Amino acid sequence: MELKYGFISADDHVQEHPEVWTSRMSKQKWGDRIPHMETLHDGSQRWIIDRAPIDLHGGGLAASTFVSQAQRAVRWEEVPPPAYNPSERLKLMDADGVDYSILYPIVAGLAGERFGKLADTDLELACVQAYNDWLIEEWASVSPRLVPQCIVPIWPMERTVAEIRRTVALGHKGVVYPASPMELKDVPHINEPAYDRLWSVCEELGVPLCFHSGASPKIQMRAGEGFSPAAALAFDGIVRSVSSIAVLANFLFSRVLYRFPKLKVVFAESSLGWAAYEMEYADYQSAADGLQSEGYPLNPSELFRRQCYFTCWYDQKSLRVRHHPGSANILWSTNFPLETSTWPATRQHLDSAFAEVPDQERRQIQWQNAAKLYGL
């Protein structure tokens, strides 16, 4: 691994271009069920998956690259090249002082949940595999600085495990999975033993399991009907990271981390401001309920420090509570190209945020933790 800037962005997104699936999936077999972009009568465009439009307005998501972050790319040609072109992304990374970028999807869903919703599991698998192959062939092959993570079919579990093994062998460095798969289709609750093979294969292969905020609609706060589009966008950006509270609490008390002590879990786009409250209250409630006498030998905060990671990007004041989750358990990002990205002023933002943080901890958070976690 070569470092020029001393920063690994642990949560960025790739904008899938219109041929990702149409060029890789059988037109004869799948027809117009293949994810594709269609043009409406007014000239605007939208993405279609399995003959239904998805909840992604316009041609793509690259709000941070526009003058007004409330602006949307109504047509594909309005999407800036750094969102979907790896060579252009590398130029942008150099301009913003980013050494490596850990990649999450957009059209597939922030955690692949748009494919997880598909009732046809064969179509789900075909869509997932096309995305994973594209990310290796068109992104990771361009530069090792572009770090791929696979999405997977959420069920049946034998397909999930098989795709993880296949993609990790290809070069994927992490596994992105919806934190509440039971919201997407009729599958067991994520705490059930049916998922043990998922935890086990990630533990065996040494790849982190990544839950991205905003991928579980039922635990996500939603803007009211009276909100303007711009206000609704701002509301979603503010509350998306806080939805990780429920996901984290579930994993701290579900025994999954006890049963799989080498499993590493990333809560992507989680931020840090609520960490002190969550850790303190989880420890307090654990003691009050006498969980240590019920087979919970570690405090929730100790369990987190052993196996979990927060991903931050805008945090400044909340860095003061970094010792509650632990500096070894915090990752940093630019969140490009989402609306709250720190691009193009990431270096200035880092200097301001870490002004009072000792150099050793700054190195940990800005690159060492991510390098170790992703085997860079």
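Strands S2 and S3 form a hairpin with five residues between them, and Gly 43 in its turn has a positive phi of about 95 degrees. The model is a predicted one. Four bridges join S2 (residues 36-39) to S3 in antiparallel fashion, and Met 37 has Trp 47 of S3 as its bridge partner. S3 also forms a hairpin with S4, this one with two residues between the strands. In that turn Asp 50 has a positive phi of about 55 degrees. S3 and S4 (residues 52-53) run antiparallel and are joined by two bridges, with Ile 49 opposite Ala 52 in S4. S3 itself, residues 45-49, is mostly covered, four of its five residues being buried.

| Strand pair | Bridges | Residues between strands | Turn residue and phi |
|---|---|---|---|
| S2 and S3 | four | five | Gly 43, about 95 degrees |
| S3 and S4 | two | two | Asp 50, about 55 degrees |

A further sheet has parallel pairing: six strands in the order S7-S8-S9-S10-S11-S12, forming an open sheet. Strands S7 (150-151) and S12 (330-332) stand at the edges, and because each has a single partner strand, one side of each is left without a neighbour in the sheet. Within the sheet, S10 (residues 265-268) and S11 (residues 308-312) run parallel and are joined by three bridges. Phe 267 stands opposite Phe 310 in S11. Helix H15, residues 359-373, packs on this sheet and touches S10, S11 and S12. The direction of H15 makes about 105 degrees with that of S12.

The cysteines can be treated next. A search of the whole structure finds zero disulfides. For Cys 150, the nearest cysteine sulfur is that of Cys 202, 7.7 Å away. For Cys 308, the nearest cysteine sulfur belongs to Cys 210 and is 11 Å away. The cut-off for a disulfide is a sulfur pair within 2.5 Å, so Cys 150 is in no disulfide, and Cys 308 is likewise in no disulfide. Cys 150 has 0% relative accessibility and therefore counts as buried; Cys 308, at 0% relative accessibility, also counts as buried.

Glu 124 is found in helix H6, residues 121-140. Its relative accessibility is 0%, so Glu 124 counts as buried. A polar atom of the Glu 124 side chain lies 2.9 Å from the backbone nitrogen of Ile 154. Beyond four places in sequence, the residues that Glu 124 touches include Val 152, Pro 153, Ile 154 and Trp 155, and also Phe 115 and Lys 185.

Arg 240 lies in the loop between helix H9 (229-239) and H10. With a relative accessible area of 6%, Arg 240 is buried. Leaving out residues up to four places away in sequence, Arg 240 touches Leu 110, Ser 213, Gly 214, Gln 220, Glu 269, Leu 338 and Glu 339. Arg 240 and Asn 250 are ten residues apart in sequence, and their C-alpha atoms are 17 Å apart in space.

Helix H10 spans residues 244-253, and its buried residues are Ser 244, Val 247, Leu 248, Phe 251 and Leu 252. An α-helix has 3.6 residues a turn, so residues three or four places apart point the same way. After H10 comes Arg 255, with a positive phi near 75 degrees.

Key. Residues numbered from 1 in each chain as written. Predicted model: local features only at pLDDT ≥ 70, side-chain atom pairs only at ≥ 80, totals over all residues. Heavy atoms only, no water. Buried < 20%, exposed > 50% of the residue type's maximum accessible area, 1.4 Å probe, protein only. Pairing = 2+ DSSP bridges. Contact = heavy atoms within 4.5 Å. Axes fitted to C-alpha atoms, helices over the stretch in contact; angles between N-to-C directions. Polar contact = N/O pair within 3.5 Å; in protein donor to acceptor, adjacent residues only side chain to side chain.
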